[in-house]
Amino acid sequence: MARPPSRRPGINRRAQYSLFASYVVAVAGAAIGLLLVVVAMFDPTGFAALRIAASEISRPMSVTMKSMVSGVGSVDEVLAAYWRAGSQNVSLRRQVEADRNRIIEAKAVAQENLRLKKLLKLVDEDSSDLLTARLIASSASSARRFARLNAGRWQGVRPGMPVRAPEGLIGRIHITSPNSADVLLLTDTSNIVPVRRANDNIPAISTGLGDGSVEIRALTAGRNPFKPGDLLVTSGIGGVYQPNIPVAVVVRAQGEIAYGVPLANPARVDAVVVERIFEEAVTRPGPVAPVGEEAQAGNAVAP
Amino acid sequence: MIDPHLHHVPRLGRYPSRFRLAGTPVATVMLGSFLTALPVIAQTAILPPFGLLILLSWRLLRPELWRAWIGLPLGLFDDMMSGQPIGSAMFLWTVALIGIDWIEHRMVWRSYRQDWLIAALAIIFCISGGLFFARITGGGSVRFILVTPQIVWTILLFPFVVRQCARIDRWRVMA
């Protein structure tokens, strides 16, 4: 096939000018695009307003489709469960019996904890929950890992708020629009979470790798203290995430870096909980906080 | 039995509306960009950039349809739908279209295979460029190996998408 002739304007002056003008527009537009990217380097959430329209339009459709296909993500699990169902049943029953004692112990510890906290007059941790919503879509074609949440600014969601599922941490809010919000997932390469090992408090930092796993670097000097099977929870340092949210389990240790898999899979969880930023939840005057002292402090500050 | 293809034969004196002629390609590209609204929570970049694929298909199928600046509005829409920084697809798509124009000026004889090669180059350029932009706008150290599977199956998907575009094109030009 020979090249189609339409691109050659020939000797027609008007067509020549029109073609030239189209290239001028294209090059200028490309330069503007590059400029927008450069602006985004310094202010990644700067053009969030442009996304609002798109996310608000696509939200109803995503919600509808989500309610139709809910459960598709776990089809493979259901099928795999039929494989060796009998022996699995026996081992699971044994495990349940073993776990029952531990649950009773844990309940006792929780009760004791509650009592001690009341003694110390700490803020009730339950007040940090803001709302429960669903993840409805994600940036499936991009190298960044964002998920779209079916709740936004009008529901009280603010950028920076932690998002978690019952199984563990999901991520934090990145951009909000009136009825939806973008969640920066735990596995995004720019999401850094301060964590600690659950059993002995070794501090570390978890960074996403963008492929569904996280990279864990210990903050202690010396050799890598992590072994496969170690459970990592948030440490509460930095004031964003409240402590003791399960984050990941270590699967491989290599040199100074350990690799972990998040405990909560955003594709499987049904609903996620948006929490208040830990620092705000702690410093917020809760119902437990004594009123008298605050009033005094207010009087002291006010002229 | 009537041949089903005969449904598309234009009737005498009738032409497709301007809206259908100009709007169909734009609408299909936007629909491709819109696929990220599917309720899939991806753990890695798995979905091929369908907006880009359909844009390249139309461009290579119908060179006279668009000027290079069409990459700007369509790229902006794609940026709003994907998680990429605004301006990324605007720049990359427009540069890819200008590049295709440039190649067309030099290549006299062209067939379907050359089209596929051109599309493959454009796909590699756009996806790795998008990765670079994601990296410099606060994405941290995203590795290139993360998007190589996406690049491979986007290139492999091109013939299929081009066929679908040709099918839509047949409907588009027939009244």
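Q: Axes are lines fitted to C-alpha atoms, for helices over the stretch in contact, and angles run from 0 to 180 degrees between N-to-C directions. At what angle do helix α1 of chain A and α5(B) pack?
A: About 35°, and their axes are 8 Å apart. Helices here are DSSP runs of H or I with at least four residues, strands are runs of E with at least two, and both are numbered from the N terminus. This is a predicted model: local features need pLDDT of at least 70, side-chain atom pairs count only at pLDDT 80 or more, and totals for chains, interfaces and linings use all residues. Residues are numbered from 1 along each chain as its sequence is written, with chains lettered from A and ligands numbered from 1 in the order in which they are written.

Q: Which residues meet where α1(A) touches α5(B)?
A: On the α1(A) side, V37(A), A40(A) and M41(A); they meet F133(B), I136(B) and T137(B) of α5(B). That contact has 5 nonpolar residues, 1 polar and no charged. Nonpolar covers Ala, Val, Leu, Ile, Met, Phe, Trp, Tyr, Cys and Pro, charged covers Asp, Glu, Lys and Arg, and the others, Gly among them, are polar.

Q: Zooming out, how many residues of chain B are in contact with chain A?
A: 57, against 51 residues of chain A. In contact means that the C-beta atoms, placed from the backbone, lie within 7 Å. The elements of chain B giving two or more residues to that side are α3 (71-81), α4 (88-106) and α5 (112-139). That side of chain B has 34 nonpolar, 18 polar and 5 charged residues.

Q: Where does UniProt put the transmembrane regions of chain B?
A: The unreviewed entry annotates 21-42, 86-104, 116-136 and 142-162. Those positions use the numbering here, feature names are shortened, and annotations may be inferred rather than shown by experiment. In the model, residues 86-104 of chain B are 89% helix and 0% strand, with end C-alpha atoms 29 Å apart.

Q: New topic: what's the strand order in the open sheet of chain A?
A: β1-β13-β4-β5-β6-β3-β2, 7 strands with antiparallel pairing. Strands pair if DSSP finds at least two bridges between them. The edge strands, β1 (129-133) and β2 (135-138), each pair on one side only.

Q: How many bridges join β3 to β6 in chain A?
A: 4, between residues 146-149 and 181-185. F146(A) stands opposite L184(A) there.

Q: And A15(A), why does it count as partly exposed?
A: Because 13 other C-beta atoms lie within 10 Å of A15(A); 20 or more would be buried, 12 or fewer exposed, and partly exposed is in between, with C-beta atoms placed from the backbone.

Technical notes:
Two residues are in contact if their C-beta atoms, placed from the backbone, lie within 7 Å.
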